[in-house]
Amino acid sequence: MKTSWRSASLVASAAAVLVLTTACGQESAPSTGSQNVGATAAAGAGGYGSPGAGLGTDTGAGADAQASQSPATQTAAAGQLNVSTNGELGNVLTDSAGLTLYRFDEDTAEPPKSNCDGACATTWPPVPADDATAGAGIDKALLGEVTRTDGTKQLTIGGWPAYRYAKDTKAGDVVGQGVGGKWFALAPDGKKAKKAGLADLPGLSTRKDPKLGEIVVDKNGHTVYRFLKDTAWPDPISACKGACLEKWPAVAPVDINDTKGIQKKGYMNFTRPDGVQQQTINCWPIYTFSGDKAPGDTNGQGVGGTWYAAAPDGKPIGAPAK
């Protein structure tokens, strides 16, 4: 019995290796479902490039930003909420002073819960629920409140806790849009603000860029990138971690049925050493860029000579030939 069990284990192990090898770069097509291939090593994060001057790098979960608003402005009651039109984002929710209100992807709306405390709440001051009223174009039924860990009441819109951003210094600023790939301006209905026509985008799809050609974009219309220092075979391994991930957020797994125009072969997700799952195209890890503030931006193209927009087959567009 013992010999039989060991033989069976060896056979199973060999089969598993064969499946992984076939999935990344061989002839057989992979399973259409999400699949972890278990990255087992992490390359160094050095040399990932600079995002350029003036681009936000705060992730919100502990980022230490210098607040340029006064404490009174950051913690003031929202007053009458209004709808402001932004050329890139469409309709954006603002407070009575015209400051943009944001939502955080790590929060929940059902039930409402804030996961931004400590240093995060200094960078992203929670909007008090006191005295908030709905102005024109806002359904007052969407306004609510959630009790924070410190016992204070925070305003919610459609269940989502609302925040200001410490680096928004005047009415109309949207500096916090897309920071860390987790912070987004609130639309009047509590959803993420986005320009008309982007609401029905799949999780991953393609668009024609006038300079780069056909590139991959995420559900928000933001450009998806490849990092030349990553590895795809025999297992996907990301060389971007720590501070690098603050600038280049990993794309979370997207079901293959929620894609359009993306190569199906080698389409899978893997588990990073930090436990976070990341999507790949043709086994290559993919990212967005914190410096892209609006749909259509390609500010990450060529950064550090190592970051390039991803093609539908996962190749880096415009990368130098090896």
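Arg272 is buried, at a relative accessible area of 5%, where buried stands for under 20% relative accessible area, exposed for over 50% and partly exposed for values in between (1.4 Å probe, protein chains only). Its salt-bridge partner is Asp274, with the closest N and O atoms 3.6 Å apart, and Asp274 is partly exposed, at a relative accessible area of 47%. A salt bridge here is a side-chain nitrogen of Lys or Arg within 4 Å of a carboxyl oxygen of Asp or Glu.

The model is predicted, and local features need pLDDT of at least 70 while side-chain atom pairs count only at pLDDT 80 or more, although totals for chains, interfaces and linings use all residues. Residues are numbered from 1 along each chain as its sequence is written, and side-chain values use heavy atoms, with hydrogens and water left out.

**Salt bridges**

Side chains of opposite charge can pair when their charged atoms come close. The structure holds 7 salt bridges, including the following.

| Pair | N to O distance |
|---|---|
| Arg164 and Asp95 | 2.7 Å |
| Asp105 and Lys192 | 3.1 Å |
| Asp274 and Arg272 | 3.6 Å |

The salt bridge of Arg164 with Asp95 links distant parts of the chain, since Arg164 lies in the loop between β9 (160–161) and β10 (183–185) and Asp95 in the loop between β2 (90–94) and β3 (102–104), 69 residues apart. Helices (H or I, at least four residues) and strands (E, at least two) are DSSP runs, numbered from the N terminus. Arg164 is buried at 1% relative accessibility, and Asp95 is likewise buried, with a relative accessible area of 2%.

The side chains of Asp105 and Lys192 also meet in a salt bridge; Asp105 belongs to the loop between β3 and β4 (108–109) and Lys192 to the loop between β10 and β11 (204–209), so the pair ties together parts that are 87 residues apart in sequence. Here Asp105 is partly exposed at 31% relative accessibility, whereas Lys192 counts as buried at 14%.

**Strands and hairpins**

Strand β2 contains Thr94, which is buried with a relative accessible area of 5%. Leaving aside residues up to four places away in sequence, Thr94 touches Gln80, Leu81, Asn82, Ser84, Leu99, Thr100 and Leu101, a contact being heavy atoms within 4.5 Å.

Two strands are taken to pair if DSSP finds at least two bridges between them. Strand β7 (residues 143–147) and β8 run antiparallel and are joined by 5 bridges, with Leu143 standing opposite Ile157 in β8. The hairpin of β7 and β8 has 5 residues between the strands, and Gly151 takes a positive phi near 90° there. Strand β8 also pairs with β9 in the antiparallel sense, over 2 bridges, and the bridge partner of Ile157 in β9 is Trp160. The hairpin that β8 and β9 form has 2 residues between them, with Gly158 in the turn at a positive phi of about 60°. Of the 5 residues of β8 (residues 153–157), 4 are buried, so this strand is largely enclosed by the rest of the structure.

An open sheet of 3 strands has the order β14-β15-β16 and antiparallel pairing. Strands β14 (269–271) and β16 (284–285) stand at its edges with a single partner strand each, so one side of each is left without a neighbour in the sheet. Strand β15 (residues 277–281) pairs with β16 over 2 bridges, and Thr280 has Pro285 as its bridge partner in β16.

**Cavity and pockets**

On a 1 Å grid over the protein atoms alone, a cavity is a set of points where a 1.4 Å probe fits but cannot get out, and a pocket is an open set with protein on both sides within 12 Å along at least five of seven lines, lining residues having an atom within 4 Å of a point. Grid points are joined across faces, edges and corners, and a volume is the space filled by probe spheres set on the points.

A search of the whole structure finds 1 cavity of 30 Å³ or more, and the largest cavity holds about 50 Å³ of space. Among its lining residues are Lys192, Leu89, Phe184 and His222.
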